[in-house]
Every structure is written in C-alpha cells, then in structure tokens.
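The sequence and structure come next.

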Amino acid sequence: MPFDLKLLTTRADCDEVLDDLAAELDGYQQRTSNLDYADRRADRTQADVSGQVAGLEAEITAYTSILASPAITPSLRKLNETKLRRANDRRDNLLDRGSARSGPARFLAGVDGEQVTAQVAVLTDAQTQVTNHRSSLTT
C-alpha cells in the first residue's frame, strides 16, 4: 500500500518516522512473542490437565467398582462414596479449567495473532517505502 511520502521533505523527517516505525514494530514483535508463549503454555496446560483427568477417571472407576461390591461394610461404603465424590469434583474442576482456553478463547487468540501479523507487515512496508524515499532526498 503506497503511503503519502510527499509529507516527508527531508532526511531528518524520514529518520524521525523510521525511528517511530521501528519502535512500533518492536512493540508488535514483542506482542507476537507473548502470543506465541501464551499458546505454548496453553498447550502444556491442556496436556497436563488431560493427564490428570485420565488419572481421576481411573480413580473414579476404582471407587465405583468398590461401591458395586455386595460385601462392602457401611464404613467402607461411606469412605469410598466420599472419595468418589471428591474425585468427581476434582475431575469436573479440571475439565472446567481445561476448557477455559479452548474454543472461543483460542479462536480469538488466533484472530489477535493475525492482526499482529498484518500490522507488522504494514509497518515493515512503511519502513521500506520511507527508507527508499529517504535515499532520493538530498537534504
């Protein structure tokens, strides 16, 4: 996209604009790094949650099997019912936490990443145009 380079009449004007563009580009590049880090962290968290949920599913299965035994004592039944309830609660909490960065949140993070990528392209193009224009100026 061509910019109105006629507004820049001296090399000093170009230098000022190039400094500002470089600073803004640096901010967007930092934001890209932060988005990449957040995405990697979300992936690790999701994998960790999946592992914990699998472990809790095994616990739930074990407690359910114990509770299905006809020869279980009342105190053992009460103990295993409590453990089953807690395991179900922990699993539900993990599933809630794991879904917090899925679906809509990840979609919007992708949109944000595309916006940053587009802005970096615009800033880089502007730098190129100003640098080329600067070389055509005598003062």
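The model described here is predicted. Glu 59 belongs to helix α1, and its side chain takes part in a salt bridge with Arg 90, where the closest N and O atoms are 3.0 Å apart. Because Arg 90 sits in helix α2 (residues 74-99) and Glu 59 in helix α1, this pair ties together parts that lie 31 residues apart in sequence. Arg 90 is also partly exposed, at 39% relative accessibility.

Glu 59 and Ala 22 are 37 residues apart along the chain, and their C-alpha atoms are separated by 55 Å.

## Salt bridges between and within parts of the chain

How many salt bridges does the structure hold? The count is five. One of them joins the side chains of Asp 15 and Arg 134, with an N to O distance of 2.5 Å. This pair links distant parts of the chain, since Asp 15 is in helix α1 and Arg 134 in helix α3, 119 residues apart. Asp 15 has a relative accessible area of 31% and is therefore partly exposed. Arg 134, with 24%, is partly exposed as well.

Another salt bridge is formed by the side chains of Asp 92 and Arg 91, at 3.5 Å from N to O. Is Arg 91 buried or exposed? Arg 91 is buried, because its relative accessible area is 16% and the cut-off for buried is under 20%. Asp 92, at 35% relative accessibility, counts as partly exposed. Both residues also belong to a network of salt bridges that includes Glu 57.

## A nonpolar patch on the surface

Which residues form the nonpolar patch on the surface? They are Met 1, Phe 3 and Val 122, and together they have about 280 Å² of accessible area. Val 122 is located in helix α3. With a relative accessible area of 36%, Val 122 is partly exposed.

## The largest pocket

The volume of the largest pocket is about 200 Å³. Twelve residues line this pocket, and those closest to its centre are Leu 35, Asp 36, Ala 109, Gly 110 and Gly 113.

Which helix gives the most to the lining of the largest pocket? Helix α3 does, with six residues. Helices α1 (11-68) and α3 (104-136) each supply at least two residues of the lining. By class, the lining is made up of four nonpolar, four polar and four charged residues. For this classification, Gly counts as polar, Ala and Leu as nonpolar, and Asp as charged.

Helix α1 holds Glu 59, whose partner Arg 90 is in helix α2.

Notes: Residues are numbered from 1 along each chain as its sequence is written. This is a predicted model: local features need pLDDT of at least 70, side-chain atom pairs count only at pLDDT 80 or more; totals for chains, interfaces and linings use all residues. Side-chain values use heavy atoms; hydrogens and water are left out. On a 1 Å grid over the protein atoms alone, a cavity is a set of points where a 1.4 Å probe fits but cannot get out, and a pocket is an open set with protein on both sides within 12 Å along at least five of seven lines; lining residues have an atom within 4 Å of a point. Grid points are joined across faces, edges and corners, and a volume is the space filled by probe spheres set on the points. Helices (H or I, at least four residues) and strands (E, at least two) are DSSP runs, numbered from the N terminus. Patches are made of residues with over 30% relative accessible area and no salt bridge: like charges are joined within 9 Å, nonpolar side chains (Val, Leu, Ile, Met, Phe, Trp, Tyr) within 5 Å. Accessible areas come from the Shrake-Rupley method with a 1.4 Å probe; for residues, only the protein chains shown count as cover. A salt bridge is a side-chain nitrogen of Lys or Arg within 4 Å of a carboxyl oxygen of Asp or Glu. Buried means under 20% relative accessible area, exposed over 50%, partly exposed in between (1.4 Å probe, protein chains only).
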